[in-house]
Amino acid sequence: MSSSSSPNTVELDILGQVCPACMLVVLKEVNQRRQEITSGQTRLLIRTDHRNATVTVPESIRKMGYRVDVAKVNNYYEITVDRR
Amino acid sequence: MAEKHQKPRRDERLAALATDNQRLIAYIRDKTNHLLQVMGTAPLQYDELDDQTLIDLDPIGIIADSFAQVLDFLNQNINELQQAKDELEAIFDATGVGISIIDYDFKVQRCNEKQRQVLVDPERREIIGCGCYEIYCGKESPGLDCPALETFATGRPALARDVKKKEKYFNVITTPFAKAEDGTVSQVIEVTLDITEKKLAELAEQQQRQFYLQEKNTLATVIESLSEGLLVIDPEGTITTCNRAAGKITGRSEAEIVNRSLDSLFPPLAELLAAGREPAGTEFPYQTPAGEERLLAAGTNRMPAPEGEFIGRVITFRDVTEEKKKAQMLFRAEKLAAIGQLSAGVAHELNTPLASILGFSRLLLKDDNLTGGQRERLEIIAEQTQRSSTIIKALLSFARNSSHTGRDRRACDLNVIVERAIPLLTTDLEKRRIELELEFQPLPPVIADPGELEQVVINLVLNGMQAIGQDGRIGISTTTRGQKVLLQVEDNGPGIAAENRSRIFDPFFSTKSVGEGTGLGLSICAGIIDDLGGSIEVATSRDGGAALLVFLPGESGG
């Protein structure tokens with residue numbers, strides 16, 4: 001897949017889940033999609049309403065070498081994971 | 001029985017396995033929590049995940065996979081960092097400026113290759129941890145002009161220009177690099193820029209400028225010291241520079257000369273130049289503002305300029321008025337000498353016939369048969385012939401003096417010479433009833449021709465006799481004046497008028513009636529005395545007559 005074309009967005013809805021479950025769910029998803037994301041094929045969009053997760057999740061995923069952005073949308077948060 | 005017996009044992013085993021299972025699940029939960037804590041999140045809650053869900057989720061596997069990614073990313077970062085560090089190190093060493101990191105105790109923490117080349121003794125192995133003042137500046141402590149001192153004190157960058165270290169020149173800049181917990185600067189980066197070449201070029205330029213200034217001053221002094229007048233004119237013919245002599249010769253101030261046209265100062269010279277001629281020693285008349293007429297001689301030179309360009313010229317000139325006057329006087333003197341020579345030739349030729357006339361007229365006078373009238377006329381012939389003879393003798397003497405031949409110079413006593421000359425004058429003195437007073441003092445010898453000196457004495461006494469005419473007094477005295485011998489001849493005659501004093505030594509100048517003097521006597525004396533290195537002066541005697549003072553160089557110890 002060409003890295004220049006915009007990636008497919010894979011959504012992961014963890015609304016209602018709290019730490020550490022949401023952390024494990026997100027990590028599992030990222031691990032499984034490692035190739036897709038690092039090749040630029042896929043972007044992961046996580047929806048969460050657990051505020052702590054907007055701190056712990058991006059921190060861990062950044063340490064794994066990804067680009068993470070957090071945005072507040074209505075009454076929940078959107079965390080996007082892209083390759084660096 | 002056996003079945004009964006087996007059942008409790010299986011229950012026991014099941015219970016043991018259940019316990020084991022509980023222990024293992026607790027272990028998994030504990031390790032999972034440990035890992036979650038490392039990941040920075042909260043521990044697991046029992047109500048959140050039951051045991052079966054926990055095992056199905058496989059959190060340890062998830063975290064292990066994530067850790068693998070973290071490790072990969074970490075390794076990648078480490079490689080990139082190492083590469084960046086290597087690059088930075090290369091840049092640090094390859095840069096053209098010396099860079100050094102110095103801590104608060106002025107100990108060197110880092111030093112790049114350039115800094116080492118420029119400021120560190122090549123023999124020195126260890127630099128890190130040594131005092132920067134010692135290895136860079138060769139001092140025992142940081143100098144007050146050290147910019148690092150200022151940066152540590154103020155926390156701001158500092159610059160020191162033209163710092164001399166080990167015979168080289170630098171600009172040194174320090175900037176804060178690290179800060180201590182209290183916010184003060186703990187390390188500075190010192191950047192050293194070697195400006196030796198630039199500085200040396202500057203110094204050389206300064207030296208050269210000084211050299212040219214010195215040369216310019218020398219030239220200005222030379223120009224000012226010239227006795228010749230000097231003008232510099234631009235291509236339009238305007239005077240741009242003049243020296244002191246130019247002002248003196250033209251009788252104008254420098255301000256009056258500079259910025260005026262050459263045409264208005266020296267019209268004849270400007271005309272020549274306009275006609276395309278180069279004056280060289282050209283003479284032209286000039287009138288000073290005070291109305292004094294002067295004769296100037298000028299030469300010019302074009303100013304050195306690239307070919308095809310004309311940037312002006314230099315004019316030098318001098319006042320030749322006096323020179324011309326002297327040349328004219330010399331010309332006249334030479335003419336007089338020529339006349340003298342000619343007269344001598346004629347005189348010599350006349351002497352013989354005159355002797356015959358005198359001899360025969362005297363012979364005739366002895367004849368007793370002469371009438372009174374004849375005798376009277378013969379006496380006139382004899383007397384006039386005698387006078388002619390005297391004039392001729394004087395002319396011959398004048399001519400001999402100009403030729404200087406047959407002279408015999410030796411040490412002689414002036415007193416003896418005066419005594420020897422007196423008998424020759426006695427007859428004449430007695431006839432005129434003139435009393436002679438003599439006063440001699442011992443004298444050193446003078447080097448002269450005795451005959452010439454005798455002639456001087458006779459001429460001076462004759463001069464006095466002619467001035468007195470009849471009845472009077474002539475005094476001759478000798479004495480010494482320092483190294484000189486003084487002969488003084490004075491009379492009580494009418495004296496010499498002030499307006500004639502400068503002319504009495506000129507040949508043929510006479511105040512006496514025609515026939516009384518030749519006008520050559522004093523001129524001959526002056527010639528002889530001048531030749532001996534002496535001098536003759538005219539003064540007034542104690543009783544209003546003339547006094548002639550002759551100074552001759554005395555021979556000391558000789």
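How many residues does the contact take from chain B, and how many from chain A? Chain B gives 20 residues and chain A gives 15, where contact means C-beta atoms, placed from the backbone, within 7 Å. Before you click around: this is a predicted model, in which local features need pLDDT of at least 70 and side-chain atom pairs count only at pLDDT 80 or more, while totals for chains, interfaces and linings use all residues. Residues are numbered from 1 along each chain as its sequence is written, with chains lettered from A and ligands numbered from 1 in the order in which they are written.

Start on the side of chain B that touches chain A. Select α1 (2-39) and α3 (59-94) of chain B, the elements giving two or more residues there; helices (H or I, at least four residues) and strands (E, at least two) are DSSP runs, numbered from the N terminus. α3(B) provides the largest share, 10 residues.

Next, the sheet. Select β12, β14, β15, β17 and β16 of chain B: in that order, these 5 strands make an open sheet with mixed pairing (strands pair if DSSP finds at least two bridges between them). β12 (434-439) and β16 (535-540) of chain B are at the edges with a single partner strand each, so one side of each lacks a neighbour in the sheet.

Zoom in on β12(B) and β14 (472-481) of chain B, which run parallel over 6 bridges. Here B:E437 sits opposite B:G475 of β14(B).

Technical notes
Contact = placed C-beta atoms within 7 Å.
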